[in-house]
Structure formats: structure tokens, C-alpha cells
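Reader: I am new to this structure. Could you take me through it in short steps?

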Amino acid sequence: MSCSTVSAARASLKTIRVQDAVGSVLCHDITRIVPGESKGPVFRKGHVIAEEDIPVLLEVGKEHLYVYEALPGFVHEDDAARRIVNAAMGDNLVFSAPKEGRINALADCDGLLVVDVERLLEVNSLEQISFATMHTMTPVRKGQVAGTRVVPLMADERQLEAVERICRADGVKKALVEIRPFRSFRVGIVTTGSEVFHGRIKDRFGPVLRGKFAEFGSDVIGQSFAPDDEEQTREAILSF
């Protein structure tokens, strides 16, 4: 039996009047059809009915809905995804709104993505939960770097508690994923080699280095050249 089937078995399915449905969880999509214009879902499976949804549901001809009523120990997929994000995500990340049990994590600044790979494997070894990221130690720009997905509509709370335990060491949160912002430095470049120092060949590496440092927000304050001589190389370094 799959995780989704087990979860469904632990929640009761019932029919309810639209006017009494606030706070209930839809177990099917609600489609709106505008003849000659559009056809598509106005509410998705798993949506939690709010007060402002009632006129819309009545407008599309729905007077009764099939909804899930969770039994104790089970959590709606969107709430479960929020708990995972709160437990696992670290500094300099912002998050998308939950949708069908998924929340995306986006870098809030340019920096280095750091992932605790060992504990991430522990989380992904749990049932019902999927947690994906880019590779650790990857330089990233603002944008999506990770995401978590809860598989069943109603997640077993014991799985969420396991995630929270993994993400805490000695009672202190330790993030699975975080962004460490790039630090800005003033950089001096020393290019060695008698062939470059004497002008026999053109230096082509300096411009490459300048571009790379600029990408990471650092300034090159100058470039010195030295022949294949230890003392002159030392003087070139000390010139900065």
C-alpha cells in the first residue's frame, strides 16, 4: 500500500454544504467553464476553503463538496511543507507560497549554497517527503535553489517530527540548506613568468581574473608582474 493510500485511509471523506465548508480540505479539483473562452481549475485538490471562496463555488454551480476531514496525527500537505521549511531552511532564503504540498526556496542574495548532505539524505530516506537542492558549494545568484514536496494530501505527523529531529542538534536548529553571501575584497594580482615580464608574450590571464573577481563583488586594485625570480616576486607581492 502506498503512502498516499495509507494517508487517505486515516482521513474521512464526506460531503458537505458549501456554506459549511470553511476550513475544510477539497479532495477534488473544481473546474470553471466559460463557454468559448476558457476551461480550467478554479480551486485545486487540497485547497483549504476560505470564506471568500463560497461565492465563487456557488457561481460555478457547486452547492456541495467532497472534503477530507483529517483524523488526529495527520497534517494537510501545505501545512506539512511549511513545517519542513521552518525546520530545514537556513539564512538568506525566501520561500514561495505552498502549492499542492510544495514550497520552493530561493536565494535572497548572491552567495555560496551550502547543503548538509548527510542529514539531507536522512530526510529524503523518510516516507512521504521529498527534498531537492542544487549541489552543495555551488555559487548561486538570486533565484530558486531548493524545494520540498510532501507526497500525500494528508501527511503523517510522525514523519514531520522526524524531519524536525534531524534538523535539530542538542535542541538547536541546524539548517540543511543555507546561502552564505559573497564577501567583497580588495584584490592584488601578481603575474609571474619572465616571458610575460619581458613582454615576449601578452598577459591574457589578468583580464580573466579581473572578470572572475568582479562576478563575486571584489575589486582588483592593481596588477604587478615579476620574472622567474623569488626576490622580485616577493617585492611584487609586497607592493600592494
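Reader: What is the bridge partner of Arg32 in β4?

Author: This is a predicted model. Strand β3 covers residues 30-34 and strand β4 covers residues 38-43. The two run antiparallel and are joined by five bridges. In β4, the residue that pairs with Arg32 is Gly40.

Reader: Which residue in the turn of the β3 and β4 hairpin has a positive phi?

Author: Strands β3 and β4 form a hairpin, with three residues between them.

Reader: How many helices and strands does the chain have, and what is its radius of gyration?

Author: The chain has eight helices and 18 strands. For 240 residues, the globule rule gives 18 Å; the chain is well over that, so it is more spread out than a compact globule. Its radius of gyration is 28 Å.

Reader: What box do the C-alpha atoms fill, along the principal axes?

Author: The box is taken along the principal axes of the chain. Its sides are roughly 85 × 55 × 30 Å.

Reader: What share of the residues counts as buried?

Author: A residue is buried when its relative accessible area is under 20%. The chain has 240 residues, and the share that counts as buried is 36%.

Reader: Of contacts between residues at least 6 apart in sequence, what share joins residues at least 24 apart?

Author: Start with the contacts in the chain between residues at least 6 apart in sequence. Then keep those that join residues at least 24 apart. The share is 69%.

Reader: How are helices α3 and α5 set against each other, parallel or perpendicular?

Author: Helix α3 spans residues 77-88 and helix α5 spans residues 157-166. Their axes come within 9 Å and cross at roughly 10°. Angles under 35 degrees count as roughly parallel. That makes the α3 direction, relative to α5, roughly parallel.

Reader: Which residues of α5 meet α3, and how do the residues of this contact divide?

Author: From α3 come Ala80, Arg83, Ile84 and Ala87. They meet Glu157, Leu160, Glu161, Val163 and Glu164 in α5. The residues of the contact divide into five nonpolar, no polar and four charged.

Reader: Where is Glu100, and what is its phi?

Author: Most residues other than glycine have a negative phi. Glu100 is not a glycine, yet its phi is positive. Glu100 is in the loop between β7 and β8, and its phi is about 50°.

Reader: Is Met137 buried or exposed?

Author: Met137 lies in the loop between β10 and β11. Its phi is also positive, near 65°. The cut-off for exposed is over 50% relative accessible area. Met137 has 51%, so Met137 is exposed.

Reader: Is Ser224 buried or exposed?

Author: Ser224 is in strand β18, which covers residues 219-226. Beyond residues up to four places away in sequence, Ser224 touches Ile189, Val190, Thr191, Ala236, Ser239 and Phe240. Its relative accessible area is 16%, so Ser224 is buried.

Reader: What distance separates the C-alpha atoms of Phe225 and Ala236?

Author: Phe225 is also in strand β18. Phe225 is partly exposed, with a relative accessible area of 35%. Phe225 and Ala236 are eleven residues apart along the chain. Their C-alpha atoms are separated by 6.8 Å.

Key: Residues numbered from 1 in each chain as written. Predicted model: local features only at pLDDT ≥ 70, side-chain atom pairs only at ≥ 80, totals over all residues. Heavy atoms only, no water. Axes fitted to C-alpha atoms, helices over the stretch in contact; angles between N-to-C directions. Helix = DSSP H or I, 4+ residues; strand = E, 2+ residues; numbered from the N terminus. Parallel < 35°, antiparallel > 145°, perpendicular 65-115°, else oblique. Contact = heavy atoms within 4.5 Å. Nonpolar A, V, L, I, M, F, W, Y, C, P; charged D, E, K, R; others polar. Pairing = 2+ DSSP bridges. Rg over C-alpha atoms; globule rule 2.2 N^0.38 Å. Buried < 20%, exposed > 50% of the residue type's maximum accessible area, 1.4 Å probe, protein only.
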